[in-house]
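Here is a short briefing for a first look. Keep the sequence and the 3D view open as you read.

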Amino acid sequence: MRLMSKEPTLFGVRWSNGGQNIIREGRGIIASNGEFWQEHRRFALKTLRDFGLGRNIMEEKIMEEYNYRSLERVSIFDAFTPVALFKSDLWKWRKKKLFEPFYFIYGMVQKGIQKRVDAIASGKHVISEEGDDFVDAFLIKMEKDKKDGVRDSTFTLDTLAIDLFDLWIAGQETTSTTLTWACVCLLNHPEVVKELRMELVDVTGGTRPVSLTDKPNTPYLTATVNEIQRTASILNINPFRQLQEDTVIDGQPVSAGAVVTTQMSLLHTNEAVFKNHTVFDPSRFMENNNLEKTLMPFGIGKRSCLGESLARAELYLITGNLVLDFNFEPVGLKPEIKTASPFGSMKRPPNYHIRFVPVNN
Ligand code: HEM
């Protein structure tokens, strides 16, 4: 991890020749490289920021979702399976079984795009100057490239579908899995819920939702979200990178072209850094302000998470407001803080049912 942040270019290329490339075929943000990746990452970041990523507008949208509702079968080996094998008749069955949910999401975004294109053609949707959302912004960029005579522009309806697919996959499963872990941790630690609620009632007066502007006054909520991410450590390893030059990692020579990753979950269970690492204890982050710097759920360096500030805002607002508004009760057996998939690429929480009982009832 240290090397990845010190040598961003050396580790700046994603290795994704296997199952990740089945739909993407070198496009999108997660699995692409070179100029294509640069253009599309930059565009996505700028567009999400323009729409308020991590600012008030995003808070409104997160809270809208919160108020409204108050797959993993792919293994690490599939990441290394050549796309050609998946496409061969021999493995057709496996491709169908593994990638059906991904094709479903891909189909869904394609349909959504077509609906928008039709709505624009029929005049039902008019694109405002800056566009109302990512799709509008992308269509504006497509038009601009056409007008400017950009040859072989990478902004097409096809690449829009892959960018949306990537943002959905990277943003949806990660955030919801972390929130599912949050509830497991809090179900097992009513004393944390109690202390959190005291802090939050004190700050909000119990008369309004927790807001991002409360952050400076809610150190225990920030510490709890950190401890949830440390405990969940949902990505055992970060998506593969490919070394750009020969180098030495911890005294070990490694050749250019080697596929490398970091075992992020090990960082978060390092006993030398996180004493009693098996214990869920938010106060560790209160006692040591520097501890947050050793927490890296979003990866590091050039290819680190594009949605980090959005994800942080979601985890803060949803965890805080759930604790403020509800008591948590297990339905059936209380789940243990123990992953159901220790060796998967994503560390999933156990399956469980939970009841949210409004605090004021
Ligand atoms: C709790 C939530 C999340 C976690 C733990 C998480 C974690 C990560 C990690 C570890 C990586 C790989 C970094 C590396 O290779 O070093 C990554 C990449 C990425 N994430 Fe997230 N993520 C989360 C939420 C989101 C959200 C909400 C979005 C979108 C809005 C998003 C979009 C992306 C994208 C596009 C990439 C690929 C970046 C690239 O290759 O340039 N993530 N994420």
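Which helices each supply at least two residues of the lining of the second largest pocket? They are helix H1 (2-6) and helix H12 (264-267); helices are DSSP runs (H or I) of at least four residues, numbered from the N terminus. This is a predicted model, where local features need pLDDT of at least 70, side-chain atom pairs count only at pLDDT 80 or more, and totals for chains, interfaces and linings use all residues. Residues are numbered from 1 along each chain as its sequence is written, and side-chain values use heavy atoms, without hydrogens and water.

**Second largest pocket**
- Its lining has 19 residues, and H1 gives the largest share, four residues.
- Met1, Arg2, Leu3, Thr262 and Leu267 lie nearest the pocket centre.
- A pocket is an open set of points on a 1 Å grid over the protein atoms alone, where a 1.4 Å probe fits, with protein on both sides within 12 Å along at least five of seven lines; lining residues have an atom within 4 Å of a point.

**Iron site**
- Cys305 (SG) is the single protein donor to the ligand's iron atom, 2.3 Å away; donors are N, O and S atoms within 2.8 Å of the metal (3.2 Å for Na, K and Ca), and water is not among the atoms, so sites may look incomplete.
- Cys305 sits in the loop between helix H13 (283-287) and helix H14 (308-325).

**Ser341**
- Ser341 counts as buried because its relative accessibility is 10%; buried means under 20% relative accessible area (1.4 Å probe, protein chains only).
- The Ser341 side chain reaches the backbone oxygen of Met346 at 2.9 Å.
- The Ser341 side chain also reaches the backbone nitrogen of Arg348 at 2.9 Å.

Terms used. Buried means under 20% relative accessible area, exposed over 50%, partly exposed in between (1.4 Å probe, protein chains only). A polar contact is a pair of N or O atoms within 3.5 Å; within protein, one must be able to donate a hydrogen and the other to accept it, and residues adjacent in sequence count only if both atoms are side-chain atoms.
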